[in-house]
Each structure stands twice: as C-alpha cells, then as structure tokens.
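These are my notes from a first look through one structure. I wrote each entry as I looked the item up.

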Amino acid sequence: RRVHGDLSSSYEIDMRTLLQGVIDFRRRIRPIIKEEFARLANTQSPDVLYVGCSDSRVAVNIFASTKPGDIFVMRNVGNIVPSFGEADEGGMGAALEFAIGALKIKHVLVCGHSNCGAMHRLHSGRCQHGSPHLSSWLRHSDRSLELLRTGHVLAGSESLSEPNKLSQLNVLTQLENLRSHPIVAEAVHDGRLQLHGWYFDIANADVFRYNEELKQFVLLNTDEAKKILPTFDQAHPSVEDPLAHSERWH
C-alpha cells in the first residue's frame, strides 16, 4: 500500500480511507447520532473499562456493537496490564484510577485475540528482535509464556496454535495483574467491580469469554449471554437483554 520515497503519495493512499470515512460519517451517521453526541458533550458514564490490544483488526465497537459513551477504552500492544508497583508504562495505573475512582465503572474487561503479533513476538523470544521498548513491555506477559512452556493448556484450546494458546493464557495473566492493584482489589472485594476475560477469534469473527467454573474460554453466543446476564446488576441501565438491539444506530 505504501509508496516508498514519496511522502505525498504515501499519505494520499494511507489516508484516503479515513478521509472518505469522515465524509461518509457526516452524510449518513452524523444526522442520526448528533443528538447523542450533544448529550455526551459534557459527561460520560460508561459501565465498562475495556483493556484490549492495539491491533487494527480488533475493533470492540464492531464485535460488541457499542455506541459512543458505552465503554472506556484502554488499548496497548498485547492487551497488557502491568502489575501494581511497576512503572506506570502505558498509563494503565492512571486509567484504572480514573475509570474506577472517577467514572465508577462496574466491569473491567481484558480482551486478547488470535494471531496477536505481540504474542508471536513473546513466543519467539522477546529479546531477540532488536526492539528494546517492545521487549521491555512484553516482560509483563512472561508469566503467560512460563505457563505455556510448563504444559498449562486451557481446556478447549488444544487445537490452537502455540501463539494463540499463549494469547488466551495472557488474558488470565493480565487479570491477575489487575488484581494486584489495590484500587481493583478493593472494588472487587466490596462487590463494586467484576473482572472479565474475552478472546476474539479474528478468522471466524467469534468472541469467547473465560468461564471460571469450566476453566476455559467458551463461545459467547445468545445462549451463553442468557446464562450470564443474571449475574449482572439488572438495575444498571446499561445492562440489557442481549437480543434487544440487533442494530444500535444504523
């Protein structure tokens, strides 16, 4: 896609889709949701903090059909949450404080995905590629690699590639790292916060959730959603019947 040696051509090709998207937004979507943005202009009250990978293929607003204002998003390479006490690389500590302390979110969701470049890099040796910042960042997932190499395989993941097994284990590692933060541990203990692990299969466009009882990721379909819906606070306005809205703002 890029035209090397010609910055103007490279910019034109790389930016064309974005520019066309803005025009399409103004023509089709803006008239529909302008009032919604006006309502959100001075306040937000998301229910969920989404911790996801920066990978361009993993778009939570698409696979979870969210609207503006629904989720507070924190994305980085590898959907990583450094443990409490580590340097606040990537601003995760600040995001947790703001989301839990100021926004009073009720759920933190860590979402990994298939064919993750970060997990491929970790699996092949994070210190072998001449990227010091990336190598240092991926150390927060070393525990995931240790689990994989000591034979820890989640039920139902036997047919996955090694990097994809690692990606699922990494979701669990980052959930543990989350629990090391006092602001998270206190909110969980008090019943004000729930933690969730998801895994997005890019090739099949399927979302899986980690089932604590089964100790495995299970497909998040209509039947599964109906099972877990009662565990959420029904009084909260953002918790709805998963079948109630097949189209959010089309």
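**Entry 1: the second largest pocket.** I asked which element gives the largest share of the lining of the second largest pocket. It is β4, with five residues. I then listed the elements that supply at least two lining residues each, and found α7 (162-179), β4, β5 and α9 (222-228). The model is a predicted one, and I keep that in mind for every entry here. The lining of this pocket has 21 residues in total, and those nearest the centre are His 196, Arg 209, Tyr 210, Asn 211 and Glu 212. By kind, I noted 10 nonpolar, five polar and six charged residues in the lining. The space in the pocket comes to about 430 Å³.

**Entry 2: Glu 224.** I went on to α9, the helix that holds Glu 224. Is Glu 224 buried or exposed? Its relative accessible area is 8%, and the cut-off for buried is under 20%, so Glu 224 counts as buried. Setting aside neighbours within four places in sequence, I found Glu 224 in contact with Arg 209, Asn 211, Val 218 and Leu 219. Two of these names, Arg 209 and Asn 211, I had already written down among the residues nearest the pocket centre.

**Entry 3: Thr 173.** I looked next at α7, where Thr 173 has its place. The relative accessibility of Thr 173 is 5%, so it counts as buried. Not counting residues up to four places away in sequence, Thr 173 touches His 140, Arg 143, Ser 144 and Leu 147.

**Entry 4: the sheet.** I wanted the strand order, and read it as β2-β1-β3-β4-β5-β6, an open sheet of six strands with mixed pairing. At its edges are β2 and β6 (216-219), each of which pairs on one side only. On average, neighbouring strands of this sheet are turned by 30° against each other, direction ignored. I also noted that helix α3 (residues 92-102) packs on the sheet and touches β1 and β2. The direction of α3 makes about 175° with that of β2.

**Entry 5: strand pairs.** I started with β1 (residues 48-53), where six of six residues are buried. To β2 (residues 71-76), β1 is joined by six bridges, and the two run parallel. Val 48 stands opposite Ile 71 of β2. With β3 (residues 107-113), β1 pairs over five bridges, again in the parallel sense. Here Gly 52 stands opposite Cys 111. In which sense do β4 (residues 194-201) and β5 (residues 206-211) pair? They are antiparallel, with four bridges between them. The bridge partner of Tyr 199 in β5 is Phe 208.

**Entry 6: Pro 82.** I moved to the loop between β2 and α3, where Pro 82 is found. With 3% relative accessibility, Pro 82 counts as buried. I checked the distance from Pro 82 to His 181: 99 residues in sequence, yet 9.3 Å in space from C-alpha to C-alpha. His 181 is also one of the residues that Pro 82 touches.

Entry 7: Most residues other than glycine have a negative phi. I therefore noted down the exceptions I came across. Asn 79 has a positive phi of about 40° and lies in the loop between β2 and α3. Asn 115 has one of about 50° and is found in the loop between β3 and α4 (117-125). Asn 79 is buried at 2% relative accessible area, whereas Asn 115, at 39%, counts as partly exposed.

**Entry 8: the whole protein.** Last, I took down the overall counts. The protein has nine helices and six strands. Of its 250 residues, 40% are buried. Among contacts between residues at least 6 apart in sequence, 62% join residues at least 24 apart.

Definitions and conventions
Residues are numbered from 1 along each chain as its sequence is written. This is a predicted model: local features need pLDDT of at least 70, side-chain atom pairs count only at pLDDT 80 or more; totals for chains, interfaces and linings use all residues. Side-chain values use heavy atoms; hydrogens and water are left out. Buried means under 20% relative accessible area, exposed over 50%, partly exposed in between (1.4 Å probe, protein chains only). Two strands pair if DSSP finds at least two bridges between them. Axes are lines fitted to C-alpha atoms, for helices over the stretch in contact, and angles run from 0 to 180 degrees between N-to-C directions. Contact means heavy atoms within 4.5 Å. On a 1 Å grid over the protein atoms alone, a cavity is a set of points where a 1.4 Å probe fits but cannot get out, and a pocket is an open set with protein on both sides within 12 Å along at least five of seven lines; lining residues have an atom within 4 Å of a point. Grid points are joined across faces, edges and corners, and a volume is the space filled by probe spheres set on the points. Ala, Val, Leu, Ile, Met, Phe, Trp, Tyr, Cys and Pro count as nonpolar, Asp, Glu, Lys and Arg as charged, and the others, Gly among them, as polar.
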